[in-house]
Amino acid sequence: MADRFFPNVMPDFVSEMPTLSSTNLAEQEAGSDPLMKLLSMPYPSLSQQFKRVALDLNETIVKETWGVSGKPVHDFTLYSGALGTAFLLFRAYQITNDENDLKLCCRIVTACDSISLASGVVTLICGRAGVCALGAVAAKHVGDKWLLSHYLSQFKEIKLPSNLPDELLYGRVGFLWACLFLNKHIGEGTVPSLCMRAVADEIIQNGRALAKRQCPLMFEWYGEKYWGAAHGLAGIIHVLMDIKLKPDEVEDVKNTLKYMINNRFPTGNYPASEEDRRDVLVHWCHGAPGVALTLVKAAKVFGDSEFLKAAKDAAEVVWNRGLLKRVGICHGISGNAYVFLSLYQLTGNVEFLYKAKAFACFLLDRAHMLISRGEMHGGDSPYSMFEGIGGMAYLFLDMIEPSEAKFPAYEI
Ligand SMILES: [Zn+2]
């Protein structure tokens, strides 16, 4: 088990030194350990460092995935392909207002257009909805009305096959999330609530059909009853909480979460699926991190202290076992850092901000070195958003203003 993650030997908390003279003091206390220096650095200085490194990383990622004038797109997805680069550029544009980032984002989305149409996948993270949704939002910002209406009309053309799964990466909630993304960025009603409600109805109906005693909703993907964010309950419930649910549906959502809390591993981690008895995965896709984000949202939406307590328990697992030997957001350190960011945003507790900072600083200080030595996996698609350093660059951009951070393509 130990070889999946680095033992977390970072202190549980390090105070920041707000003034110049105390910075020197902090530096003295931190000694020669560069990671400790980063952890004690005043946030405004650290934030600038995150920004510098993130923008450098963006340049590298664009060079490797797109080149100077565009490479043929083989993998268009936001998960592991070109759309991830476009999504990263859009985030950079939101922070820097650099029009070049926005224009390049638009060009990359255009290159993904026809190949995504042929893919048959309908979701935001792995399919056509991601291209149409990001394309529309980028077109709006660039002020291109024709392109905006092109992507919106293309989005409306997306048909959900009846045998679609319900999960996030390939299923109904992955499409629903794209609708929410459009409504947030283009305007409420861009996708009418009736359309979204019809998709939610099917999801709830399917969940109830597989229900068992004490667990009112259950779903399957390729025959497995997954619990995690990518393919299972955590991801499905996360998106459902953004839909206006009826009172009986709210009860089903809450009781499903309570079932998960009551049946977690004794360590506080969560099984990857109903049948999983191996307490090994502490990823966003499978395990405590993805469940923690859903619990934080449940605490926010329902105001239930049981969910907040469980989210904090899950965050403790992430702190102890979540310094993964991988870099990305799906099953890497970058994604796990968002657990602490979401708890910081809900509670205002700076200890959670510190923990997010600790994971991000660990990457800032040593990710490149660990990857080059082969001690850390750089991802099967090493520049991608969900598996590679694209996710790390996104985290660094989010660390500039941590109260605004959102797990990419997942938290609204
Ligand atoms: Zn994963």
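## Reading the calls in a predicted model

Mentor: This is a predicted model, and Lys246 sits in it at 42% relative accessibility, so Lys246 counts as partly exposed.

Trainee: Why is Lys246 called partly exposed?

Mentor: Buried needs under 20% and exposed needs over 50%; Lys246 has 42%, so the label is partly exposed.

Trainee: And what makes Glu249 buried?

Mentor: Glu249 has a relative accessible area of 5%. The cut-off for buried is under 20%, so Glu249 is buried. Arg197, with 15%, is buried too.

Trainee: How do you know that Lys246 and Glu249 meet in a salt bridge?

Mentor: Their side chains are 3.9 Å apart, N to O. The rule asks for a Lys or Arg nitrogen within 4 Å of an Asp or Glu carboxyl oxygen, so the pair passes. Arg197 and Glu249 also form a salt bridge, at 2.7 Å. Arg197 is in helix 9 and Glu249 in helix 11, so that pair ties together parts 52 residues apart in sequence. Arg197, Asp201, Lys246 and Glu249 are linked in a network of salt bridges.

Trainee: What makes Cys285, Cys330 and His331 donors to the zinc ion?

Mentor: Cys285 (SG), Cys330 (SG) and His331 (ND1) coordinate the zinc ion at 1.9 to 2.2 Å. Donors are N, O and S atoms within 2.8 Å of the metal, so these atoms qualify. Along the chain the donors follow the spacing C-x44-C-H. Cys285 lies in the loop between helix 11 and helix 12, and His331 in the loop between helix 13 and helix 14, 46 residues apart. Both Cys285 and His331 are buried.

How values were computed: Residues are numbered from 1 along each chain as its sequence is written. This is a predicted model: local features need pLDDT of at least 70, side-chain atom pairs count only at pLDDT 80 or more; totals for chains, interfaces and linings use all residues. Side-chain values use heavy atoms; hydrogens and water are left out. Donors are N, O and S atoms within 2.8 Å of the metal (3.2 Å for Na, K and Ca); water is not among the atoms, so sites may look incomplete. Helices (H or I, at least four residues) and strands (E, at least two) are DSSP runs, numbered from the N terminus. Buried means under 20% relative accessible area, exposed over 50%, partly exposed in between (1.4 Å probe, protein chains only).
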